[in-house]
Amino acid sequence: MLPFPPDERYYHYSRYLRERFQARVYRISVDAGFTCPTRDGTKGTTGCLYCSNESFAPQRAENLTTISEQIQKGITLMRRFHKAEKFLAYFQPFTNTYAPVEKLEKLYRSALAFPEVVGLCIGTRPDCVSGEILELLAQLNREKYVSIEFGIESVYDKTLEWAHRGHDFARTRKAIAAAKVHGLHVAGHLILGFPTETRDEILATPAILNELGIDALKIHHLHIVKNTPLAEYYAENPFPLFSETEWIALVADFLERLRPEIAIQRLCGEAKPGTLIAPVWHLSKNEVINGIRAELERRGTHQGFLVGKNESNDNQI
Ligand code: SF4
């Protein structure tokens, strides 16, 4: 049985949250001042190929307020503008498990100290979760809810190498399996549109994700943002990027192949205003999402429609 009404076409994360917490739950993004191994010299200094250097500017650390201040501000705003009732502290930018376990526990507990905060979402890399860290998260998960979000980005080693990720897909598999053994909710981020992957390879990805046991997924389109190593590469070696129409058809194809129990957190990327080089789309994010829903409706299909069936690409437009 589908975990969503078929006319909604896919399993929206907000539905998952509503059913899990029986309340209006919003995520408050928290910046705890972390860096990444691909930035600090451990595995590189320039970051992943598509990642913005601006986010790592020295003034960022100087301007950071405490976790408690960020949460308090988030609660006030979310209550005022969204009538939010409960909150998840979302340790979002950079690698939020990249510190000694004692420091991590202090940071996470300062967010969980708010009674309205019902849990944590922790964004990280597959190569930055030790057994000790997973034990800590499992302990916190016994007290409140914990979701770990891995930057999967691609299931292909050739892409991970091209994008300077500093780990392979075997590492991702291992990290996700370990997080599941520890009883955590596991989400993944994925980027589609790398020039290293064919359309068939992209559409073979859901079957691989289906086996990993992830609970939620964010899908981004590859975009070229100013002040990234990718912007320099693209200027020298331009390659095709998805148009809105191509993206809508691709994501509809992708969702049909993805297990319906995987909650969808995002269906396209978003660049900060003034930073995008390409592709320039004329539809808003909501219009693209509505376009994906409309495309699935036109086909009479939904997320998971092709799982366990013989696949067909006849629906491509
Ligand atoms: S993409 Fe993620 S892991 Fe890579 S440098 Fe940027 S924040 Fe760090």
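# Questions about a predicted model

Reader: What makes Glu-270 and Arg-266 a salt bridge?
Author: Their closest N and O atoms are 3.7 Å apart. A salt bridge needs a side-chain nitrogen of Lys or Arg within 4 Å of a carboxyl oxygen of Asp or Glu. The value of 3.7 Å lies within 4 Å, so the pair counts as a salt bridge.

Reader: Where do such values come from?
Author: This is a predicted model: local features need pLDDT of at least 70, side-chain atom pairs count only at pLDDT 80 or more, and totals for chains, interfaces and linings use all residues. Residues are numbered from 1 along each chain as its sequence is written, and side-chain values use heavy atoms, with hydrogens and water left out.

Reader: Are Glu-270 and Arg-266 buried, exposed or partly exposed?
Author: Glu-270 has a relative accessible area of 48%. Arg-266 has 24%. Buried means under 20%, exposed over 50%, and partly exposed in between (1.4 Å probe, protein chains only). Both residues are therefore partly exposed.

Reader: Why can side chains pair like this?
Author: Side chains of opposite charge can pair when their charged atoms come close. The structure holds 21 salt bridges.

Reader: How do you know that Asp-253 and Arg-199 form a salt bridge?
Author: Their closest N and O atoms are 3.0 Å apart. The pair links distant parts of the chain, 54 residues apart. Asp-253 sits in helix H10 (residues 244–256), and Arg-199 in helix H8 (residues 199–212). Helices (H or I, at least four residues) and strands (E, at least two) are DSSP runs, numbered from the N terminus. The two residues also belong to a network of salt bridges, which includes Glu-256 and Arg-257.

Reader: Which label do Asp-253 and Arg-199 get, buried or partly exposed?
Author: Asp-253 has a relative accessible area of 1%, so Asp-253 is buried. Arg-199 has 28%, so Arg-199 is partly exposed.

Reader: What makes Lys-83 exposed?
Author: Its relative accessibility is 62%. That is over 50%, so Lys-83 counts as exposed. Lys-83 lies in the loop between H3 and strand E2 (86–91). Lys-83 also has a positive phi of about 55°, although it is not a glycine.

Reader: How are helices H3 and H4 placed, parallel or perpendicular?
Author: Helix H3 (residues 67–82) and helix H4 (residues 101–112) pack at an angle of about 30°, with their axes 9 Å apart. Axes are lines fitted to C-alpha atoms, for helices over the stretch in contact, and angles run from 0 to 180 degrees between N-to-C directions. Angles under 35 degrees count as roughly parallel, over 145 as roughly antiparallel, 65 to 115 as roughly perpendicular and the rest as oblique. H3 and H4 are therefore roughly parallel.

Reader: How do you know that Ile-67 is buried?
Author: Ile-67 has a relative accessibility of 8%. That is under 20%, so Ile-67 is buried. Ile-67 lies in helix H3. Its C-alpha atom is separated by 9.9 Å from that of Ser-29, 38 residues apart along the chain.

Reader: What joins Ala-278 and Pro-279?
Author: A cis peptide bond joins Ala-278 and Pro-279, with omega about -5°. Pro-279 lies in the loop between strand E9 (276–278) and helix H11 (285–299).
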